[in-house]
Amino acid sequence: MEKAIAQLKKISRQHLTERKILVMPSVAAGQKFLQLATAEGLNCLNLRVETVERLAEEVASSSGEQGNPTMITKQVARLLLWQIVAELQGEKRLSYFSRPEMTGGVIAALSGSLYQLRLAGYNAAALAAEHFISREKGQDIIELMKEYEKVLHRNNYLDEAELYHKAILLLGEQESKGESLYIIPADLPVVYLSREFLNRLTTVSLKYILPALTVVGLKQPRQVYAPASAQIGSKTSSLAYLFDPANCPADLNKPAVVLSKAYGESNEVRAVLQQIKSKGFSLDHTAVFYSTVQPYAQLFYGLSRYYDLPITFGDGISISNTAPGQLYFSLLEWVETDYREPVLRNLLTSGITKLAGDQAQTIATVLRQSGIGRGRERYLTVLNHQLGKKGRQQANLVTPLQLTSDLVAGLFKLLPEADQQGMVAGGSFVSGLRKIVNDYCRLEGELEVEACSLIGEELAAIAVHLGVIRQEQLLSLLRGLFKESRVGASLPRPGFLHVSSFQQASYIRRENTFIIGLDSDRFPGRGTADPVLLEGERKQLGRLSLKTERSQDEVSQLAGILAALRGSLYFSFSCYDLLEERELQPSSLLLQVYRLVQRDPTLGYADLLISLPAAAGFIPAAEAALLDDNQYWLYYFGHNQESNRAIDLTSLYPDTARGELALAHRLQGRFNQYNGKIEVEPTVLDPRRNKQVFSASRLEMLAACPYKYFLQFILGIKAPLELEYNPACWLDPLTRGALLHRIFELFYRELAARKERPSLTGHINRLYALVEELLVEQRREVPPPSEIVFERERAEILQSCRVFLASEAAHRRVAVPAYFELTFGLERGIALELAGGEQIWLSGRIDRVDRRAEGIFDIIDYKTGSTYGYKQSEYFKQGRQLQHALYALALEKILEQPVSVELAGYLFPALAGEGQYFLKPAVTKNASREDVRAIVRILLDLLASGTMLMTAQSADCKYCAYQVICQPNEQELLSRKQCRNSDDQAIVALRRLEQFV
C-alpha cells in the first residue's frame, strides 16, 4: 500500500493540473484509498475516481446518436431470459433445457452463466456446440444467446457486456486525443471485456500502473489487470510471508496477532464485542471483516439494534430489515398463502405501514373477528355481509368495518386476481405491488427511503416486460428479485465500528482489526461449481475462471489485505455448527497465520487447536466482557460464583422474588393464597346472589378445575380464536361438530314430519343428499385448502353420518324425536331451585328431546368426538358431567307442563365415537334430583368462598389451553393432591364431590 500511495503522489506532482482518472473497483473503494493517500500528503487536484463500467458508459453516451440505448439491470436481463426460455420451450426449440421446470433458481443459474459468457467476450457467433460436454447443451446455449441478443437489439437495450462491446467499437471508430491520464492499480479485478476496453481506452493516453503488494509464496490471481510488482520493504508486515514463513526476514514489522474460536457464529460475533469492551477499544479505531456476508452482517445488525451500537456496514444491510422490504415480502407471502388473514393482520400491526397505531389495531381486530381465514373471494363478501348486518344493529361498528373493507378493496384493486388457470396480468400486478409499497410504507430515515426507491425502480423496470404469466412463477421471480439486495452501504465514519466483508477491506486502516468467519467451510470454502457451465467446459472455453481459481483468488486477496494491515489483528472461527450439531475446523489460512507467528512451518492443525483458548460460548469468560444483564447472570451463575450468589436478586427483580415465593408456598401442599385461596366478595361471584346466568359446561369446568374457571371466567383470560390455515385440514373440530349437528337436526325434522323411523337402507341416500347440500354452503363459508383435502373430509363426514344412521336404526328405540336444538334461558336464564329457597339461573341448548309417551321424554346430547372421558358406569363423575342431569331438570321448566325424563345422556354419532350411546336414568324420577342440587350447591359454595384449586389429575391438563400458564409437573401435581387433604372447611366441602360418582 505504501508503494502505491508513493507512486500516486509522484504521478500527481508530475501532472498536477492535468485531468487524472483513478480507476478503482468501486467509487467507495476509491474514496477510501484517496483518504489514506491524502493523509500521506497526496494533492488530489484534478483527480477523480471512476470504475471501468462508468468509463464505458461515458464512452457509449458520447456517440451522439439519437435514441440512446437503455441500460438494463441483471434482474431485467434475468426476466428477459425467463421469457425467452418459456417461448423456446413452447416452440420445442430446446432439447437439453426442455425438461427442467423453469423456477426462479434455475433461471438465476442459467442467467448467471450466460452473463459470465458474455463478459468473457463470447456471443452466439463465437460459441460452438463442441465447446460443451453435450452437443445438445451447446446448441441450446447458442440458441438462447442468439435470441437474447435479438431482444437486446430489438429493444435498444444494453447489458454490461453489450455496453463494453459498444464502447470498444466507438473507441475504434473515433479519433482518440488522449486528453486524460489513467491510473490503474495492478490488482484491479477485471474480466476479458473490461480488460479489452481499458486497453483500448488507454491506447493513446498516458497510463500508470500502481504497484500491488506481492504475497510471497502465493500465485497472483489471473483476473487482475497487471502482475503485482511492489517490493517487500522494511515497513512491510511479516504477513506478506504468510505462505512462506520459513523465509520471513526477522526485521519486518510483526503485528500483534490473537487467534480464537467460538461455539457458533452468534457467539463469535458477541465475542468480538466483548473483546472491544474488555480491552477498551475505541469503536472508530476498530474494524471487523467477515468471510461471508451472511450470517455475520445480520448478526451485527441485530446486536447494533439491541445495544444501540453505532456501526457502519460496508456491504449495507439486507433490504428485508427495512420497512419497505418487510412490506414487500409480507405482501408476497399474503398472496402465496392464498391471502391468509393472519398474514395481512400481522403486516398491519407490525408498524411498517403509514397507518396510525390505533387505526391499524382497529382494522386488525376486525380481521381477527371476521372469520375470513383465507381466500381472496372471502374478504369483501364477509366484510360487506357484516357491514350490512352491523349497520342495521350497531351503527358504532360500521366505521371500523368500513375502514377495513375500504383498505382491503384498495389492495385488491392494485393486485389483479389470477384466473382459474392460475394466470395473472404480470405487469399490472407488479405495478400495483410497487404502488402499495410506495403509498402504504412508513419511511423513517435514509435507509427506508433508499430501500423504497430501490424496490420502486426495479419493479418499474420489470413491469414493462411482463405480460400474462402464471402467478406461481411471478411470485417466485419477485421473491428472488430482492433476495440478496442490500441498502445502507457506508464508508467508515468517526465514532462508528466498521463492519464489512474482507473484499471491502483493501483500503481501510484501523488500529484494531478482527477477521472472523475463518472456518474451513466458509473460507476459502468448498467452492460451488456452476450448475450450467462445468469445469471442463470452462477450461475448453479458456476465458472463464475455474472453481479452484476462485478459491485461490479469495485466499490471495485476503492475504494481500492482511499484509497491508497494521496494529492488532484478531482472527476467529466458529468451531461448532449449532444447527447441524457438528464440529467445524479452522481455515487453512489460520494455520498459516499460526505457523508464521510461531515461525515454524512444520506445525499442523493439532498444534493450532491445542494452542487456542477455550471457545467463546453463551457464558462469558470474564467479568470485564459482560455486555448486558443477561450476560451478567450467565457469568455469575455459570461460573458458580458462590460468593456472589448473595447478591440481592429480590431488589433487582421483585417480580422474580414474588414468583419464587409463590412457587415455594405452592409446593408445600397446603391450602393458601398461592394454592387457590383467594379473597372474594361473594356477591360478585356467586350466581345465587347476583343472578348471573350459568351454563352446564361452566359448572362442569368449576368441578374439574376451579383454577381454570378462575382464569377464564373471573380474570377473563382467553386464547384468541384464530382461523388458522392448515394445508392438510379443512374444518376444525368445532366447525365440523356444528355441521354434523345441523345435518342430524334437519334429517330428523324431515323424518318427524313424515312420521318415519330411521332406516339405514331407506334413508341413507336422503341423509347423503342432505350432507352434500350443507357441504356446498359450508364450502362457500370456509373454502377448503385443496380438492384432495375436501374429498377426504367429505368422505369422513359421510361415513360419520352412516355411523349415526346405522346406530339409530339398530337401537330401534321406543322414543321418537320430538324437539331439536331446544334453546333455553339465553336472555335471563331459567331458575333451578336449590335447597333453602336458593336458585341458580341456567341457559343452554338441548340437541334432541325424544318422546316416549305423553309427558315422558328422553334427552340426548350429541358428542361428535370420541368417547374419551365417558363411561356408562359414571353418573356425575364428581360433578364433571352434569349436563344430562341439569338438562333433565331444565326440561320441566322449558315445556311448562308436568313432564318426566326417563333417560338422559350422550350419543357419539361420528366415526371416533362409533355410534355409542351413554344414556342414564334421569334425575327427575329418584333421589338423584337432590344429588344434582347438592353438587351444584357445593360448587357454588366453592365459588363464593374463593376456593380456586388447581386440578390434581394430569388428564385434565392434557388438552387444556392454559397449560402455558400453570405448566404442571409431577411435583406440582403431588403438591395439589396434598393440598386437597387439607382440613380447611372449603376443602372438606370440595371432597364431598368424590361421593357423587
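Visitor: What makes β1 and β2 a parallel pair of strands?

Guide: In this predicted model, strand β1, residues 20–23, is joined to β2 by four bridges, and the two run parallel. Since two strands pair if at least two bridges are found between them, the four bridges between β1 and β2 meet that requirement. Within the pair, I21 stands opposite R48 in β2.

Visitor: Why are β2 and β6 called edge strands?

Guide: The open sheet has four strands in the order β2-β1-β5-β6, with parallel pairing. Strands β2 (47–50) and β6 (206–210) each pair on one side only, and therefore they are the edge strands. On average, neighbouring strands of this sheet are turned by 25 degrees against each other, direction ignored.

Visitor: Which helices lie on this sheet, and how is each directed relative to β2?

Guide: Helix α2, residues 27–39, packs on the sheet and touches β1, β2 and β6, its direction making about 145 degrees with that of β2. Helix α3, residues 52–61, lies across β1, β2 and β5 (181–185) and runs at about 100 degrees to β2.

Visitor: How do you know that the buried residues of α18 share one side of the helix?

Guide: In α18, which spans residues 471–481, the buried residues are Q471, L474, L475, L477, L478 and L481. These residues cover an arc of only 160 degrees around the axis, and so they lie on the same side of α18. The partners against which the buried residues of α18 pack include α4 (74–90), α11 (323–336), α16 (426–440) and α17 (446–463).

Visitor: What makes one face of α37 the buried one?

Guide: Helix α37, residues 970–979, has E972, L973, S975, R976 and C979 as buried residues. Seen down the axis, these buried residues fall within an arc of 160 degrees, so they line one face of α37. Exposed residues E970 and Q971 are carried on the face turned away from that buried side. The buried residues of α37 pack against α26 (654–666), α36 (963–966) and α38 (985–991).

Visitor: Why is H741 called buried, while G638 is called partly exposed?

Guide: Buried means under 20% relative accessible area, exposed means over 50%, and partly exposed is in between. H741 has 15% relative accessibility, and therefore counts as buried, whereas G638, with a relative accessible area of 41%, is partly exposed. H741 belongs to helix α31, residues 733–754, and a polar atom of its side chain lies 2.8 Å from the backbone oxygen of G737. Leaving aside neighbours within four places in sequence, H741 is in contact with E821, D847, Y862 and T864. G638 lies in helix α24, residues 629–638, and touches I619 and W633, not counting residues up to four places away in sequence.

Visitor: Which residues touch the most other members of the largest nonpolar core?

Guide: Among the 105 residues of the largest nonpolar core, those touching the most other members are L117, L144, F300, Y328, W334, L459 and L478. Helix α4 gives the largest share of this core, nine residues. L459 is in contact with Y328, V430, L433, R434, L478, L481 and F482, leaving aside its neighbours within four places in sequence. Another core, of 58 residues, lies apart from the largest one and has L702, L940, L942 and F996 among its members.

Methods:
Residues are numbered from 1 along each chain as its sequence is written. This is a predicted model: local features need pLDDT of at least 70, side-chain atom pairs count only at pLDDT 80 or more; totals for chains, interfaces and linings use all residues. Side-chain values use heavy atoms; hydrogens and water are left out. Buried means under 20% relative accessible area, exposed over 50%, partly exposed in between (1.4 Å probe, protein chains only). The arc is that of the directions from the helix axis to the C-beta atoms. Contact means heavy atoms within 4.5 Å. Axes are lines fitted to C-alpha atoms, for helices over the stretch in contact, and angles run from 0 to 180 degrees between N-to-C directions. A polar contact is a pair of N or O atoms within 3.5 Å; within protein, one must be able to donate a hydrogen and the other to accept it, and residues adjacent in sequence count only if both atoms are side-chain atoms. A nonpolar core is a set of buried Ala, Val, Leu, Ile, Met, Phe, Trp, Tyr and Cys residues joined through side-chain atoms within 4.5 Å.
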